[in-house]
Amino acid sequence: MITDKVQTVRIQPGDHIEAWHNGKLFHKGRVTDVVHSLELIWIRDARTGTRKLLDPDALEIIRVRD
């Protein structure tokens, strides 16, 4: 029997992540803050150096190694 199993990884400040949408990389950077009550993630974007607010419901968030 094949089942779909979803594993939730808790993102924390200091984690390095990538944010994907429809197979395209939209953002990449280090997590600076997590708003657990709203399920939102703030990152420092590695490409631009700006702070970005990410919505995990709209993006596929992947934790990556440094």
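**Labels and their cut-offs**

Tutor: Start with D15: a polar atom of its side chain lies 2.8 Å from the backbone nitrogen of Q12. Keep in mind that this is a predicted model, where local features need pLDDT of at least 70, side-chain atom pairs count only at pLDDT 80 or more, and totals for chains, interfaces and linings use all residues. Residues are numbered from 1 along each chain as its sequence is written, and side-chain values use heavy atoms, leaving out hydrogens and water.

Student: What makes the link between the side chains of D15 and R63 a polar contact?

Tutor: The distance is 3.4 Å. A polar contact is a pair of N or O atoms within 3.5 Å; within protein, one must be able to donate a hydrogen and the other to accept it, and residues adjacent in sequence count only if both atoms are side-chain atoms. So the D15–R63 pair is a polar contact.

Student: Why is D15 called buried?

Tutor: Its relative accessible area is 15%. Buried means under 20%, exposed over 50%, partly exposed in between (1.4 Å probe, protein chains only). So D15 is buried. D15 touches R10, G29, R30, V31 and R63, not counting residues up to four places away in sequence. Contact here means heavy atoms within 4.5 Å.

Student: Why is D57 called exposed?

Tutor: D57 has a relative accessible area of 68%, so by the same cut-offs it is exposed. D57 sits in the loop between β4 (51-54) and β5 (60-64). Strands are DSSP runs of E, at least two residues, numbered from the N terminus.

Student: How do you know that β1 and β5 pair?

Tutor: They share 5 bridges, in the antiparallel sense. Two strands pair if DSSP finds at least two bridges between them. So β1 and β5 pair. The open sheet has 5 strands, in the order β4-β3-β2-β1-β5.

Student: What makes β4 and β5 the edge strands?

Tutor: Each pairs on one side only.

Student: What makes up the largest nonpolar core?

Tutor: It has 9 residues: I11, I17, A19, V31, V34, I41, I43, L54 and L59. A nonpolar core is a set of buried Ala, Val, Leu, Ile, Met, Phe, Trp, Tyr and Cys residues joined through side-chain atoms within 4.5 Å. β1 (16-21), β2 (24-35) and β3 (40-45) each supply at least two of the core residues.

Student: How confident is the predictor in the chain?

Tutor: The mean pLDDT is 87, and 85% of residues reach 70 or more. pLDDT is the predictor's confidence in each residue, from 0 to 100. Over residues 1-7 the pLDDT is below 50.

Notes. Helices (H or I, at least four residues) and strands (E, at least two) are DSSP runs, numbered from the N terminus.
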